[in-house]
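Me: I am new to this structure and would like to learn how its features are read. Please take me through some of them.

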Amino acid sequence: MNLLIQQTVNGLTLGSIYCLVALGLTLIYGIMEVPNFAHGHLYMVGGYVTFFMMTLYGLNYWVSAIISGIVLAVLGVLLERLVFNPMRNSPSSNKFIAAVGAMMFLEASARVLWGSDFRSIPAIYDNVVVMGGVRLTEQRLIIIAGAVILMVALYVFIKHTMIGSTIEAMAQNRDGASLVGIDVNRVAMLTFAVASILASAAASLAGPIFLVYPGMGSLIIMKAFVIIVIGGMGSIPGAVLGSFILGLTESLGATYLSSNYKDVVAFAILVLILSIKPSGLFAKGAR
Amino acid sequence: MLKLSGINVAYGSYLALQDVNIEVNKGEFVVLLGANGAGKSTLFRTISGLLKVISGSVEFKGQKTNQLPSFKVVELGISQCLEGRALFSHMPVKQNLLLGAYVRRHDKEGIKKSLAMVYELFPTLKDKENALAGSLSGGQQQMAAIGRALMSDPELILLDEPSIGLAPIVVQQVFDAMKIVNEAGKTVLLAEQNAHLALKVSHRGYVLENGRIVMEGRSDMLAGNEDVKKAYIGVSD
């Protein structure tokens with residue numbers, strides 16, 4: 001029983017990290033209509049920025065995470081301006097290729113600049129908390145709490161502010177958005193900035209437990225991609241639900257089957273869900 | 001107020017509008033008649049900046065607008081209600097209306113007034129303000145789309161085929177509302193196939209065929225014209 005609870009909490013931790021990355025991916029998909037394959041690599045750069053802020057400049061963990069968020073917001077906007085904006089009216093296949101190119105560029109740059117070593121963000125919250133017989137490090141609780149706070153903040157931003165709702169408006173009807181006077185360029189930049197901040201937050205939260213290395217982006221983008229397919233492309237609730245489904249099945253699958261089958265379980269879930277609901281759990285209607 | 005001079009618009013190599021000249025004066029209600037594919041929507045999209053001209057110019061209040069992005073055109077005071085409505089269908093009606101006021105988002109008082117005005121014009125929208133726009137009936141969606149276009153407090157409102165797919169009684173209601181809007185001082189440019197009603201409420205009209213203006217004049221004169229009758233009203237000999 002304890003093992004079950006323990007693994008459920010681990011699954012929630014994993015789901016929280018996936019969720020922050022998948023939310024950004026789904027937001028960008030909503031306005032660009034192409035998945036940003038480089039999104040996982042923004043997560044990777046976010047991890048490195050936090051790591052270097054702490055180790056090179058000796059900054060506090062939270063200050064480092066905030067700086068990382070700011071740096072990533074700028075990087076996200078640059079990516080939109082330099083790579084995706086010039087392609088706005090190009091066919092989807094061109095945008096696909098551009099996204100893959102950006103992904104390779106970021107990973108190769110990380111290898112050249114920082115080497116291929118595995119690094120770890122110094123853990124400062126590694127005390128063990130015992131709750132009802134379950135042993136957890138504080139960092140895991142911080143991950144879950146941090147993700148929940150960011151999800152609520154994102155929800156309030158999109159649903160209850162005029163600026164935030166432009167992202168949703170643009171995703172639902174691009175012509176309609178243009179005709180009420182929403183500036184398409186501004187929304188695109190805003191969306192990339194928000195999505196990049198979420199990715200960097202995920203990396204800063206995950207860094208002390210998981211490792212920081214140039215290839216970490218490729219791994220998580222696969223998962224995030226599976227999640228938004230499960231949840232329905234472009235759907236925000238779908239991304240949240242999909243993340244926790246994946247996090248929990250991976251964690252429980254690894255425990256009760258074999259950790260070798262961890263990823264098999266994840267993809268089996270994908271196949272299962274898609275065979276029942278081919279357009280994802282929260283598919284958008286006709287747009 | 002609005003002046004289109006010799007505009008040509010193309011989709012690839014297909015010329016959708018050829019040498020179109022239109023002028024709309026302040027306070028007028030002008031109708032643009034034309035069958036499917038005549039170029040009405042193309043013309044409206046061009047005015048709103050969604051499409052660019054290959055030659056000619058669009059001027060609004062003396063300012064050239066054909067190089068401006070759509071949001072600048074809206075800021076200048078032209079609001080469009082697209083054919084097909086282009087609502088944010090997964091958002092509540094009220095949110096759609098509030099987004100219509102996006103260009104004047106800092107004018108809280110003005111937004112409140114416009115919202116009250118839209119609710120007075122279309123009381124059903126008030127009842128449905130928390131319903132998702134996509135769940136409304138066709139007529140209600142059309143009202144929401146017109147309401148949204150009014151929320152920016154435009155000087156000129158472009159309405160692209162508001163009667164399409166609606167029951168006759170609803171069409172009448174929509175046309176009445178547009179007449180009220182015009183009488184309240186807004187300039188209206190309406191694209192329609194339903195010439196019978198459109199010519200009743202409007203002051204002047206243009207007839208668009210295959211991307212060219214083939215006829216223009218006062219509405220009562222157009223309504224009496226045999227060719228117009230045959231083509232758009234469906235009364236022959």
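Reply: Please note at the outset that the model is predicted.

Me: What is the strand order of the open sheet in chain B?

Reply: In general, strands of a sheet pair through backbone hydrogen bonds, either parallel or antiparallel. Here the open sheet of chain B has 4 strands in the order S2-S1-S4-S5, with antiparallel pairing. Its edge strands are S2 (14–24) and S5 (63–64), each of which pairs on one side only. Within the sheet, S1 (residues 2–11) and S4 (residues 55–60) of chain B are joined by 5 bridges, and B:Ser5 stands opposite B:Ser57.

Me: Which strands does helix H1 of chain B lie across?

Reply: Helix H1 (residues 40–47) of chain B lies across S1, S2 and S4 of that chain, at about 115° to S1(B).

Me: How many residues of H2(A) are buried?

Reply: An α-helix has 3.6 residues a turn, so residues three or four places apart point the same way. In H2(A), 16 of the 17 residues are buried. The length of H2(A), residues 39–55, may also be checked: at 1.5 Å a residue it should span 24 Å, and its end C-alpha atoms are 25 Å apart, which agrees.

Me: Is B:Thr187 buried or exposed?

Reply: B:Thr187, in strand S8 (residues 187–192) of chain B, has a relative accessible area of 0%; this is under 20%, so the residue is buried. A polar atom of its side chain lies 2.9 Å from the backbone nitrogen of B:Gly27. Beyond its neighbours within four places in sequence, B:Thr187 has contacts including B:Met1, B:Glu155 and B:Asn182.

Terms used:
Residues are numbered from 1 along each chain as its sequence is written. Chains are lettered from A and ligands numbered from 1 in the order in which they are written. This is a predicted model: local features need pLDDT of at least 70, side-chain atom pairs count only at pLDDT 80 or more; totals for chains, interfaces and linings use all residues. Side-chain values use heavy atoms; hydrogens and water are left out. Two strands pair if DSSP finds at least two bridges between them. Helices (H or I, at least four residues) and strands (E, at least two) are DSSP runs, numbered from the N terminus. Contact means heavy atoms within 4.5 Å. Axes are lines fitted to C-alpha atoms, for helices over the stretch in contact, and angles run from 0 to 180 degrees between N-to-C directions. The expected span of a helix is 1.5 Å times one less than its number of residues. Buried means under 20% relative accessible area, exposed over 50%, partly exposed in between (1.4 Å probe, protein chains only). A polar contact is a pair of N or O atoms within 3.5 Å; within protein, one must be able to donate a hydrogen and the other to accept it, and residues adjacent in sequence count only if both atoms are side-chain atoms.
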